[in-house]
Amino acid sequence: MGNDPIIVKLKDQFKTGILEVTEKNQKRIIVTINPDSLPNIAGYLYRDAGFRFIIASAIHTKRGFEIHYHFSEDSAGLILNLHVILDRNNPEVESLSNMFNASNWIEREMHELFGINFLNHPNQEKLISEGNWAEGVYPYRKEFKSNSEEKE
Amino acid sequence: MSRKTLIPIGPYHPLQEEPELFKLYCDGEIVKDIQWVTGYNHRSIEKLSESKTYEQVFFLVERICGICSTSHPFAFANAVEEIVGIEPTDRAKYIRSIIGELERIHSHLLWVGLAGHFLGYNTVFMWAWKYREPVLDLFEMITGNRNSYAMFRVGGVRRDIESDKIAAVRKILADVKSKTDLLTGAVMDDPVIHARLKGVGILTKQDVIDYGAVGPTARASGVAIDVRKDDPYAAYPLVNWKVITAQAGDVFAKAEVRLLEMYESISIIEQCLKGLEKEKEGDIMVKVNEIPEGIGHGRAEAPRGEVFHFVVSDGSNSPARHKIRAPSYVNIATFKKSCVGQTIADATITLAGVDPCYCCTERMAVVYDVRSGEKIMNARELIDRSISRSHDLMEELKKSK
């Protein structure tokens with residue numbers, strides 16, 4: 001496992017940043033990294049290795065907040081996830097939007113729905129609700145109860 | 001600094017009849033900046049999906065968009081099948097690809113028609129929509145529905161395409177092909193359309209990479225990405241076809257890519273029909289007993305570009321997290337590049353050029369109002385809120401004048 005050329009290169013360049021590599025198959029690789037090294041590793045994938053940023057998915061789990069940054073290498077049909085685990089009480093991570101615009105909206109969305117703070121984001125305003133929700137209420141967190149659930 | 005005039009398109013688009021708001025900041029006739037506002041029609045499908053079983057999610061994601069209503073179940077099926085680790089039978093693969101390509105044909109015809117309508121060229125509009133009709137009839141014949149086909153499930157498809165229907169499908173397809181020839185000729189050789197669309201709304205290769213744009217929007221700028229080729233799924237590796245690209249990046253190039261893609265789609269369907277005849281009838285399902293714990297990535301090439309579904313399973317009968325990225329979510333953001341510097345008249349067709357699908361972006365939020373901690377919201381209040389929102393917007397627009 002971990003013999004894919006891109007994994008070898010990543011391990012070589014960012015020794016301390018990489019915590020775990022899971023290779024589901026040749027086309028699906030999940031690399032769990034230290035949140036501090038996210039800008040460097042994402043920058044390497046985007047600028048040097050020719051990866052395209054697809055989207056990022058935030059998940060609220062028992063471990064805190066997890067984000068999968070999905071990158072695609074189109075010539076090989078490879079999806080590589082950069083997986084970070086953020087602190088439950090103070091979820092924050094460096095924004096990637098200064099590097100590529102593709103992450104601008106999704107970071108605003110994750111900020112709005114999960115309350116994850118993206119440091120140095122150029123414009124971290126609400127994307128969807130345009131400010132007509134209460135501050136500090138994040139509907140995609142697991143503890144959020146909707147109207148119908150609360151009546152039960 | 002000179003004063004800028006704000007020209008609103010929306011909150012209800014006059015031509016596309018969908019809720020969105022483009023704010024064009026103009027200096028004279030030239031668009032200097034553009035902002036986009038959404039959120040008028042949120043359905044929270046990602047959150048809803050967590051409360052549905054895997055079988056039910058197919059019907060839910062099918063309703064994300066009425067035009068590409070097969071792309072989302074397609075991507076979701078790919079994601080769940082990755083978690084389970086199964087592959088559908090060849091017959092099911094052929095049927096999936098046939099549905100996917102028929103959808104591409106009807107969606108591209110719809111776009112060509114709308115683009116003509118935007119230009120004031122209503123002949124193209126009427127032709128394209130007339131020729132789209134037999135495709136919808138075809139859908140009704142093989143799936144039972146003109147839209148929202150309900151064909152997909154984990155491990156295969158719900159309905160077979162019986163052998164006695166294949167001849168009828170071929171006949172309608174041949175008819176669609178000859179009509180497409182007419183339409184393509186009318187659009188590609190028309191000097192007025194050339195004059196109107198060439199050099200308008202140019203998106204460079206670098207912009208496409210920066211914004212992560214996908215589909216015909218990317219392919220018209222010379223970025224040859226197509227999930228069907230790059231990360232093959234369903235029957236696409238079993239048939240011969242090529243990825244259509246253009247280099248100019250303007251609206252004409254986007255129209256060219258879409259028109260030529262329809263021929264590839266017709267060719268793919270013809271090959272799939274041949275494939276169907278070789279397979280045993282009725283062999284369309286692989287039985288799946290349970291969905292194990294794990295994560296799955298599903299991709300499908302929708303008419304507008306790559307649809308991406310990310311499913312996290314905790315071993316229960318519904319997804320623990322289901323992230324959906326529709327193509328317009330990344331394509332609409334490119335307006336910041338393609339519209340700025342255009343005249344207002346060109347901006348409208350540039351906005352239509354990526355074939356924006358607002359429902360693609362309207363899936364996220366919850367309708368419950370939680371301002372001041374209260375969570376009450378009945379139909380009357382929703383209507384009141386919508387009215388007050390319109391008033392706020394009108395006030396805002398008045399102020400900025």
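User: What pattern does chain A follow, read along the sequence?

Analyst: The elements are DSSP runs numbered from the N terminus: helices (H or I, at least four residues) and strands (E, at least two). Chain A has four helices and seven strands. Going along the sequence, they come as α-β-β-α-β-β-β-β-α-β-α.

User: What kind of model is this?

Analyst: Residues are numbered from 1 along each chain as its sequence is written, while chains are lettered from A and ligands numbered from 1 in the order in which they are written. Local features need pLDDT of at least 70, side-chain atom pairs count only at pLDDT 80 or more, and totals for chains, interfaces and linings use all residues, since the model is predicted.

User: What is the radius of gyration of chain A?

Analyst: This radius is taken over C-alpha atoms, and the globule rule is 2.2 Å times the number of residues to the power 0.38. With 152 residues, a compact globule would come out near 15 Å, and chain A agrees with that. Its C-alpha trace spans about 50 × 35 × 25 Å along the principal axes. The radius of gyration of chain A is 17 Å.

User: Which residues make up the covered face of β2(A)?

Analyst: A residue is buried if 20 or more other C-beta atoms (placed from the backbone) lie within 10 Å of its own, exposed if 12 or fewer, and partly exposed in between. In chain A, buried residues make up 38% of the 152. Strand β2(A), residues 28-33, has A:R28, A:I30 and A:T32 on its uncovered face. The covered face holds A:I29, A:V31 and A:I33.

User: Which residue of β5(A) is the bridge partner of A:R28?

Analyst: Strands pair if DSSP finds at least two bridges between them. On the antiparallel side, β1(A) (18-25) meets β2(A) over six bridges, with A:T22 opposite A:I30 and a hairpin of two residues joining the strands. Strand β5(A), residues 78-86, runs parallel to β2(A) and is joined to it by five bridges. There, the partner of A:R28 is A:I79.

User: How far apart are the centres of the two domains of chain B?

Analyst: By an automatic or database domain assignment, chain B splits into domain 1 (5-40 + 363-400) and domain 2 (45-343). Their contact takes 11 residues from domain 1 and 15 residues from domain 2. Taken over C-alpha atoms, the separation of the centres is 29 Å.

Methods:
Two residues are in contact if their C-beta atoms, placed from the backbone, lie within 7 Å.
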